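Subject: Structure handover

Hello,

Here is the structure I promised you. Please open it and keep it beside this email as you read.

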Amino acid sequence: MYTKEQLIQKGYEDDQIVEILYGQRKKLDISHYIDIEFMAIQMREIRLGLEAKLPVDLYAKKELDWLQMMEVRKGLISKVDAKLYANSNIPYDKMREIRKGLECDMNLLAYIDYDAGIIRQIRKSIGSNIDIMPFVHDKYDQEQLEIIRDCLINGIDIYSYINNELRGEAIKEIALGLKMHLDVVLYADVKYSWQQMRQIRKGLQNRVDITKYYDVNYTWQQMREIRKGLERGLDVSQYSSFMYTANEMHKKRMHMWGGMLELEDEASVYGDDQKLEITVSPDEMEAFLAISELGMDFTVDEIVDELHKFDIIEGINLDEIEHALSDPYNQYLVAEGTNQRDGKDGYNEYFFDIEGKRQPKILEDGSVDYAHSEWYKCVAAGEVVAKYHEATPGTDGTTVRGRTISANKGKELGIHEMEGCKLLDDKKTYVATINGKVELKGNKLIVTSMFELDEVNPSIGNIDFNGDVIVKGNVGAGSVINATGDIFVQGFVEGAEITAGGSVEIGLGVNASNKGFVKAENNVSSKYFENAIIIAGKDISTNNILNSNVRAGGKIIVNGRRGSITGGTTYAFEGIESENLGNIARMDTDIRMGIDDEIMQKYNRILASISDIEKEIQILNSAHEDIQRKHPPEVRNVMDMFIKIEKAIVVKKKHLQDAFAERDCMERDIEKARGCKAIVKGNIYEGVVISIDSSTWRSPGIRNATIEKKTDKSKVSVTFKEF
């Protein structure tokens, strides 16, 4: 056993001493790394391997830097053949790609001469059954290949529009245009910078006349100012000359958009001998007339002539002039301008419910008919799902002095991003390209492929589908369904394993005999749950829960006058609403809400991750400082190890930032959960135990109750009526 003093005498640095003493406390065989030539970060990788009982001799070598050690260690953890790449001549980033390939049964050693970024794209393309090798052979770089790969995965024909002279961002602009079915040939040209391409692409997307700035001689900033003016319906010819800088264009555009008029105060002018007083409003939209007794002999035509002398020529009201002639000194509105009417904005007409909140049918007793609810809108390939209606131009107005007030054209809406659908040549009509479920997510119009089955049972085999799954009948015991989207079952579910990346909707109910489970990232709903395991990332809604283990990351809502949670364990992070809890037989019913052990374990894992990353950054900073002390800038700045450490510090700080964000999000959720409550409209029978955080309340038999915690430290508070 070594003491700290002994290690200091041997010349070990503080960070090295920490690793050695920690290994001794854990009773590890520190002989694998107690060598002063190992940096502390290398020692740490060996120590982690020893703790995991890995054969560290494969990588406990001084010629491997700590990043290479890490990749070998991760390979050993994944139980791949790490010997294939445990070589100091293979950089760590290439090791990483080879390791990840081996984890997916790919041997990428044949591509070892390519840069790590290229190998990564090859690995990802093989995993997606996409062939990017023609582009690799043509020496496209990593960034270009990544965008090309994404296009090929999404079925976008990009071959005709790219060449090796276009950089990654330029290819991205072309790809974005192709996804929205824009005429990318207008800008898929090396003469345009990618920033200019973006302005042309946005103009096409937002339906403006790009010919107003479709000139390579405009800077991209000038293009942007003209495009933004066109989107607001402005007369851009007033500032689109090449003579104006982008900054000058911006000022002129903002002035025009703001409609800033330099108006004077209300002005009064007089006719001859003070017989008439004519007043014009600052905006020239109204003219008033007052006639003194000296002017009572004027005729209507003579007063009109007087108005003309002062340029009041539009909107003259002869009746009001007659009234003024019969009522001396009082002021009359004798001319009114016509206000401009701005055009209506363009809009999309959707042929499906874009809210995505189709409410199931509520029955007379308050329960929900899940079996006959329309949870989604199915469309067939070629069916119109949306139609765009163009903005209207508007009508100009006129002041009493004949000045035209330009109306603004309505603003055009941009073209939707699309998946599973396309825009026809009229640039207005969106049609589905596949059979599936249609929905609007943000600005993206999506038709998701759907896999329909009459029923599912073990004889069919496991269902694993990238999209939504619809089962028109029942799902039998022992069945397995995995879907990246939603799962809709119109019949019953028995003891099956159902996992959805979206929501799960079950029409007739779940009776699982304590076998299998239903798990969804979003919501789960069903007519009832009996002897079932139900896990939802968000809300759970049903008419009845009996003897089940149910967990919701949001709320649990039990509908109907007979709705009840009876038996089993039910947990909801944000609270529970139900008509009844328990039953007259006093069945044990465990109701839990708020912050439980699982939530705190997740939170503590995040905190532990933050602590680990901070320790790693500390070790890296120490190594960084050590190299700075030992080597002058001209030496260390070209050292591979020094460069790797600097890069690793940047990456780890980004990981730390992400971990802090995850912690903050969880803390907000925890704070939100502190206000959770159980609202029971009917009875809470004996045998019901309600736990909120660490506080517990046992029902004596009450009705019409609200159960909550007033503060973190208080006991459960109950507002109720006794039986």
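Below are some notes on helices, single residues and a sheet.

This is a predicted model, in which local features need pLDDT of at least 70 and side-chain atom pairs count only at pLDDT 80 or more, while totals for chains, interfaces and linings use all residues. Residues are numbered from 1 along each chain as its sequence is written, and side-chain values use heavy atoms, with hydrogens and water left out.

Helices and strands here are DSSP runs, numbered from the N terminus (helices: H or I, at least four residues; strands: E, at least two).

**A helix pair**

Two packed helices are described by the angle between their axes and the distance between the axes. Look at helix 10 (residues 194–205) and helix 11 (residues 220–231): their axes come within 9 Å and cross at roughly 10°. Axes are lines fitted to C-alpha atoms, for helices over the stretch in contact, and angles run from 0 to 180 degrees between N-to-C directions. Helix 10 and helix 11 are therefore roughly parallel to each other (angles under 35 degrees count as roughly parallel). Contact means heavy atoms within 4.5 Å. Helix 10 contributes Q195, Q196, Q199, I200, K202 and G203, and helix 11 contributes W220, M223, R224, R227 and E231.

**A buried residue**

A40 is in helix 3 (residues 40–51). Its relative accessibility is 10%, so A40 counts as buried. The cut-offs are: buried under 20% relative accessible area, exposed over 50%, partly exposed in between (1.4 Å probe, protein chains only). Leaving aside residues up to four places away in sequence, A40 touches D15, Q16, E19 and I619.

**Two positive phi values**

Most residues other than glycine have a negative phi. D105 has a positive phi, near 60°. D105 lies in the loop between helix 5 (92–103) and helix 6 (116–127). At 76% relative accessibility, D105 is exposed. S513 also has a positive phi, near 55°. S513 sits in the loop between strand 26 (509–511) and strand 27 (517–520). At 48%, S513 is partly exposed.

Four strands form an open sheet in the order 6-10-16-15, with antiparallel pairing. Two strands pair if DSSP finds at least two bridges between them. Which strands stand at the edges? Strand 6 (347–350) and strand 15 (421–423) do; each has a single partner strand, so one side of each has no neighbour in the sheet. Strand 15 is joined to strand 16 (residues 429–432) by three bridges, and the two run antiparallel. L423 stands opposite Y430 in strand 16.

Best wishes

Technical notes: Parallel < 35°, antiparallel > 145°, perpendicular 65-115°, else oblique.
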